[in-house]
Amino acid sequence: MTDTAQSQTLPNVAAIIVAAGRGTRLGGEIPKQYQLLGGEPVLTRTIRALARHPAVQDIVIVRHPDDSALLAAALAPLALTVTDVPGGDSRDASVRNGLEALPQGTDYVLIHDAARPLVSHAVIDAVIAALADHEGAAPGLAVVDALWQGTSRVESIQPRDGLVRAQTPQGFHVDAIRAAHAAHPGGAADDVEVALAHGLRVAITAGSEDNLKLTRPGDFERAERILKAGQMIDIRTGNGFDVHRFGPGDHVWLCGVKIPHGRGLQGHSDADVGLHTVTDAIHGALATGDIGTHFPPSDPQWKGAESHIFLTHAVDLAGEMGFAILNADLTFLCERPKIGPHAAAMRARLAELLRIAPERVSVKATTTERLGFTGREEGIAAMATVTLVKQ
């Protein structure tokens, strides 16, 4: 079978996000689906989770009639085309409105709570796969805790065998769930209840503990923890390389330390090849150019400038972009001056400028065995590696 033929057999899948509720148990000035989770409205995250699934082709959002502006704000970061319809007086009525708005030709529909923003592709995959053999499918988690009945004290123990905690999205063949809703008198807790009342077969698929429904303030705290745990750590590594030739002078500046020498290093600034190299390594990790990008050598104001200005600017920029410097490794390539006697002072000054502990800074040197311009003592080269991490 060709790829084209296979694609023609795939069902058309749409998602209905039920977002017309008021979320009164949570509290707050706006409904919970528009409150911020990790800096974004909950609904923004919910829409993104479904829209990014490769099988979901259309999104229908059922909103409260008063929430048009809130919905517009939630959609703004997504650059998506969705259909939105007003909700009804009950969840059943809202879902019926969403079903009526589905595009013609939709085969499967996923009905999802707006307050479940952390639904994974794996959960969605399982629901869609089960619809190949069932008229409905929904994710669930087996009840593992003991069940008590009572208020201020335990009145009885209830059996938990065969009990499952319901989740969404709940998926159905479109024609079947439309018929089920048309026949139902209303008042159902979810769409599985509607489907069962109509005699539909509903498979239970694997749910996820992360696919929680935000109901109480503590749920937001838990969701924040889940988001942080799932975020990829942003670690950046940058390399720097610089060369300065010798010329007239009686000292050189290396990592902010003045070292007596029979010649000086030449450059537009103070020619501190060590600080220049570390500065360029930071810019490399940040992808923000190099020293020349920020301090053009054509600008006379930087003539003879002390190089700590350039490094401080790079360190500040890293902080502004949310990065902390983890470590720096600097190697000089030269015959003379000898770096060893001054390495500790250089390391201390470099650590001070980088705002990290000295044990996170390495300063060392090697020769080129008298080969090349450094071997002929025509100048000094330096290379550096710096590692940053997003805070």
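This is a chat about a predicted model of one protein chain.

User: Hi! What should I know about the model before we start?

Analyst: It's a predicted model, so local features need pLDDT of at least 70 and side-chain atom pairs count only at pLDDT 80 or more, while totals for chains, interfaces and linings use all residues. Residues are numbered from 1 along each chain as its sequence is written, and side-chain values use heavy atoms, with hydrogens and water left out.

User: Great. How many helices and strands does the chain have?

Analyst: There are 13 helices and 19 strands. Both are DSSP runs numbered from the N terminus, with helices being H or I of at least four residues and strands E of at least two.

User: And what about the radius of gyration?

Analyst: The chain has 32 Å, whereas a compact globule of 391 residues would be near 21 Å. That radius is taken over C-alpha atoms, and the globule rule is 2.2 Å times the number of residues to the power 0.38. Along the principal axes, the C-alpha atoms fill a box of roughly 95 × 60 × 45 Å.

User: What share of the residues is buried?

Analyst: 46% of the 391 residues. Buried means under 20% relative accessible area, exposed over 50%, and partly exposed in between, using a 1.4 Å probe on protein chains only.

User: Let's zoom in on α4. Which of its residues are buried?

Analyst: In helix α4, residues 91–100, they are D92, A93, S94, V95, G98 and L99. Their cover includes strands β1 (13–19), β4 (56–63), β5 (83–86) and β6 (108–113), plus helices α6 (174–183) and α7 (191–197).

User: And L102, where does that sit?

Analyst: L102 is in the loop between α4 and β6. L102 counts as buried because its relative accessibility is 7%. Beyond its neighbours within four places in sequence, L102 is in contact with A14, I16, V60, V109, V174 and R178, where contact means heavy atoms within 4.5 Å. L102 and D58 are 44 residues apart in sequence, yet 8.1 Å apart in space, C-alpha to C-alpha.

User: Is R116 buried or exposed?

Analyst: R116 is buried, because its relative accessibility is 8%. R116 is in the loop between β6 and α5 (121–130). Leaving out neighbours within four places in sequence, its contacts are T46, A166, Q167, T168, N211, L212 and K213.

User: Switching to pockets: what's the volume of the largest pocket?

Analyst: About 540 Å³. A pocket is an open set of points on a 1 Å grid over the protein atoms alone, with protein on both sides within 12 Å along at least five of seven lines, and lining residues have an atom within 4 Å of a point. Grid points are joined across faces, edges and corners, and the volume is the space filled by probe spheres set on the points.

User: What lines it?

Analyst: The largest pocket has 31 lining residues, with V18, G21, R91, D113 and K213 nearest its centre. β1 and α4 each supply at least two residues of that lining.

User: Last topic, β19. Which strands pair with it?

Analyst: Strand β13 (residues 235–247) runs antiparallel to β19, with eleven bridges between them. Strand β17 (residues 323–333) is also antiparallel to β19, joined by ten bridges. Two strands pair if DSSP finds at least two bridges between them.

User: What are the bridge partners of A384?

Analyst: A384 of β19 is the bridge partner of G240, and of L330 as well. Strand β19 (residues 379–390) is mostly covered, with nine of its twelve residues buried.

Definitions and conventions
1 Å grid on protein atoms, 1.4 Å probe; cavity = no way out; pocket = protein on both sides within 12 Å on 5 of 7 lines; lining within 4 Å.
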